[in-house]
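Here is a short briefing on the structure shown below. Keep the sequence at hand as you read.

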Amino acid sequence: MSTALATRPGVLRRVGGLRHHSPGRLQLLIALLVGLGLISGLLAGVAGSSARAGTNDLGDRAQPLLIEAETIYSALADADTTAAQAFLAGGLEPAALTRRYDDDLARATTALTSAARRTPEDGRAATAVRTLSAGVSEYSALVATARANNRQGLPIGSSYLSEASRLNRDTLQPQARELFEGAQQEVEDGYGKAGALGWMTLLVLSLAGLVIALALTQRYLSRRTRRTFNLPLLGATAVTLVLTIGTLTILISQQTRLDRAANQGSGPVASIAESRLLALQARGDEALTLAARAGSGPYEQDFDAVAEQLRRPGGPMVNGYGRLDPALGRTMTRAAEGFERYVTAHSDVRALDDSGDYEGAVKLAVGAETTKTFEEVRTELDRALENRKEFFTQEISAAGDGLGLLTVGGPLLALAACVLAFIGLRTRLEEYR
Amino acid sequence: MRVRAALVVTVLAATTALAGCSGDTSPLPVTPDRPRAIATTPAPGGDKPAPPACNPRASLRPAGSLPPPGEMPAGSYMATILQRGRLVLGTSQDTLLFSSRNPFSGEIEGFDVDMGRQIAEAIFGDPDKIQIKVIGYDKRVSSAADGSVDIVADTMTANCERWADVNFSSVYYEAGQKVLVAKASKAKSINDLGGKRICSAAGSTSFENIGKVKAKPVAVAKPAFGDCLVAFQRNEVEGISTDDTILAGMAAQDPYAKVIGPRFTEEPYAIAMDKKHPEFARFVNAVLERNRANGTWKRTYDKWLGDFGPAPTPPKAQYR
């Protein structure tokens, strides 16, 4: 301790004393340039690898998780609707509906398995995944029991079905929404991490510092000596400039790509997904209203609320999608028009049911015509979703371009600049010995 | 989530609307439309003001002979129904034998539904001019009282409390409450089931009666009796208690269940109607009277309940 205290002022004084004579100044300049060079190299490595990790996480984990959460949600909603429609059809459930229900459950469980891999151990997403895993098997068991009873002509089958539907709507779907919203949050955070703006700013600042320091050193040398140019220092400056320009290019291109991925990829993906969920919810409301056989009730009120949301200009379905991509705009317009046709058909269903023609209402609701109208809406929305997913993947992989080069090449170039600066100044220094 | 909110709103609205009705069991802490509404509250009974003494079986006397179908007296409620073109029947869709959905055809059918169809036939000359609206057990009184259905025939017990809000027809079926348990159970009657979880439909008299049993079983409310059977099969409850007729329909669907004990209550079933139309109650009573006399009642009994033995004599109508 005491020695450290005793020596420190000595060291400081010695270093401070250096600036009073030329060799000392040169030594200080060497330390400054090499120090800045090493820091720049280090920052280039850290910024590059952190942005790369962030971009990969966004593209390979957060965004796929969002898609999976939506798949789970929509598959569950569709399974509920399909089960209710099969029930409405009466008799043995139609094979097409059974197949669709099975597909829905398969999609939900597959997506659930991979979502489990992509969620961190703790947090609300993990809780949602656990509840869903347990709930989906309970749900499918209830539906299976309902089917078995139905096959034997026991009315208890319909009670099992309503128990299953309650579980689906009141427990599973809210959990799926929780997962969906959690994933949306993760995507938003993911953009911050992928940008790694903090590290990038430090890197650019330190590179700028290095360039300025090199320039000032050369001016100092050319004034002090008769040599106008110091070749190694010029080389160091060139290398640093290359590194700076390279970094800025990569940075600007990456930020642009990320911006595009966020505004034209993730954003539209989330709202198209929302449209699809709402449309499925409306179709489910229709089936459940008929299954309850109690006239227009709470599910019908829900239908109205959902339909209004979907038809609202500026909402998730009717929006300026055409500005992003004309083809996407056409797809979404077709979806919105299809939904209008479906709402018309639905009004007819309600009119029939409310005027006492229950059988007619069921026939119209689960009949081929209305089913086709609704399926068209769904197909268009699926297509739109694919369009944006593709765009996102493309932009994100482009955003990752060059980051690897920065991680590896950045430190190497910075090191080269250090070595060159050192050589250039040491030759001058040796002239004093 | 939106639906849930909507449900809460409707439940609340219904509760407010029913505040003035004494006949419903609405103050119960159960929300039948909500998921897993297992009310493990000690069941009600006793703490409510006793209804005015009355003879719940005594209804309004029919006025003369029935008008021919399609020619209802002007200004009567039957004429309104005739003009509308269909009779709206409120019932359930999961009470096997009384009103349940036939899984093969999708039609709702049973003893109660046939009661409604006979009224429709008397008005229109066509039993198919009927619209079936499924209502919750806890909505039976309010649906009849607010005119959202014309008649309620839904294993509904006529009692003095409900008479305050609706008109009942004469009694068309005499039931009594029993309890259904697992075949392996050693219980002989509801008195052996103290502390056990016994399910019944929210808003039914059966649910209230469970609370009056001295052995203190735990009453569990479900939205409908079908949900009770689901709960029983999933081991959520040890038994189900309600009218023997409904239990018979359940036992018929589950070979591992049995109905035990003597009837510990009397449940006279009658058709509920809006109190504003006494002429309609008289008309319905006239239809029931005719059908008792001409053997229609017996045929209906044999059709749905024949498996339990030969038809008894129909309940004798009592009038005020």
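**Briefing on the model**

K216(B) counts as exposed, because its relative accessibility is 57%, and exposed means over 50%. This is a predicted model. The points below start with backbone angles, then cover confidence, cavities, chain B as a whole and selected sites.

**Positive phi angles**

- Most residues other than glycine have a negative phi.
- K216(B) has a positive phi, near 55°, and is not a glycine.
- The loop between α6 (205–212) and β12 (218–222) of chain B holds K216(B).
- A196(A) also has a positive phi in a residue other than glycine, here near 45°.
- A196(A) sits in the loop that links α5 to α6 (197–224) of chain A.
- Is A196(A) buried or exposed? A196(A) is buried, because its relative accessible area is 8% and the cut-off is under 20%.

**Confidence in chain A**

- The average pLDDT of chain A is 89, and 98% of the residues score at least 70.
- Which element of chain A has the lowest mean pLDDT? Helix α1 (residues 2–18) of chain A does, with a mean of 65.
- Helix α9 (residues 326–354) of chain A has the highest mean, 95.
- Residues 1–5 of chain A stay under 50 in pLDDT. For residues 1–5 of chain A, the model has zero contacts beyond four places in sequence.
- Where pLDDT is low, the predicted coordinates should not be read in detail.

**Cavities**

- Rolling a probe the size of a water molecule over the atoms shows where empty space is left.
- The structure has five cavities of 30 Å³ or more.
- The volume of the largest cavity is about 180 Å³.
- Two or more residues of its lining come from each of α2 (22–89), α3 (95–118), α4 (124–151) and α5 (156–195) of chain A.
- In total, 15 residues line the largest cavity. Nearest its centre are A83(A), A86(A), E93(A), R147(A) and L161(A).
- The lining of the largest cavity has eight nonpolar, five polar and two charged residues.

**Chain B as a whole**

- Chain B has ten helices and 17 strands.
- Of the 320 residues in chain B, 57% are buried.
- Take the contacts in chain B with a separation of 6 or more: residues 24 or more positions apart account for 72% of them.
- Chain B exposes about 12900 Å², and carbon and sulfur atoms supply 55% of that area.

**Buried sites in chain B**

- C160(B) belongs to helix α5 (residues 160–163) of chain B.
- C160(B) is buried, because its relative accessibility is 14%, and buried means under 20%.
- Which residue is 104 residues from C160(B) along the chain, with C-alpha atoms separated by 5.5 Å? That residue is P56(B).
- Helix α8 (residues 244–251) of chain B is mostly covered, with seven of its eight residues buried.
- The buried residues of α8(B) are D244(B), T245(B), I246(B), L247(B), A248(B), G249(B) and M250(B).

**A buried threonine in chain A**

- T217(A) lies in helix α6 of chain A.
- T217(A) counts as buried, because its relative accessibility is 2% and the cut-off is under 20%.
- What does T217(A) contact, leaving aside its neighbours within four places in sequence? The partners are L29(A), L33(A), L233(A) and L425(A).

Notes. Residues numbered from 1 in each chain as written. Chains lettered and ligands numbered in written order. Predicted model: local features only at pLDDT ≥ 70, side-chain atom pairs only at ≥ 80, totals over all residues. Heavy atoms only, no water. pLDDT = per-residue confidence, 0-100. Helix = DSSP H or I, 4+ residues; strand = E, 2+ residues; numbered from the N terminus. Contact = heavy atoms within 4.5 Å. 1 Å grid on protein atoms, 1.4 Å probe; cavity = no way out; pocket = protein on both sides within 12 Å on 5 of 7 lines; lining within 4 Å. Points joined across faces, edges and corners; volume = space filled by probe spheres on them. Nonpolar A, V, L, I, M, F, W, Y, C, P; charged D, E, K, R; others polar. Buried < 20%, exposed > 50% of the residue type's maximum accessible area, 1.4 Å probe, protein only. Areas by Shrake-Rupley, 256 points an atom, 1.4 Å probe, with all protein chains shown as cover.
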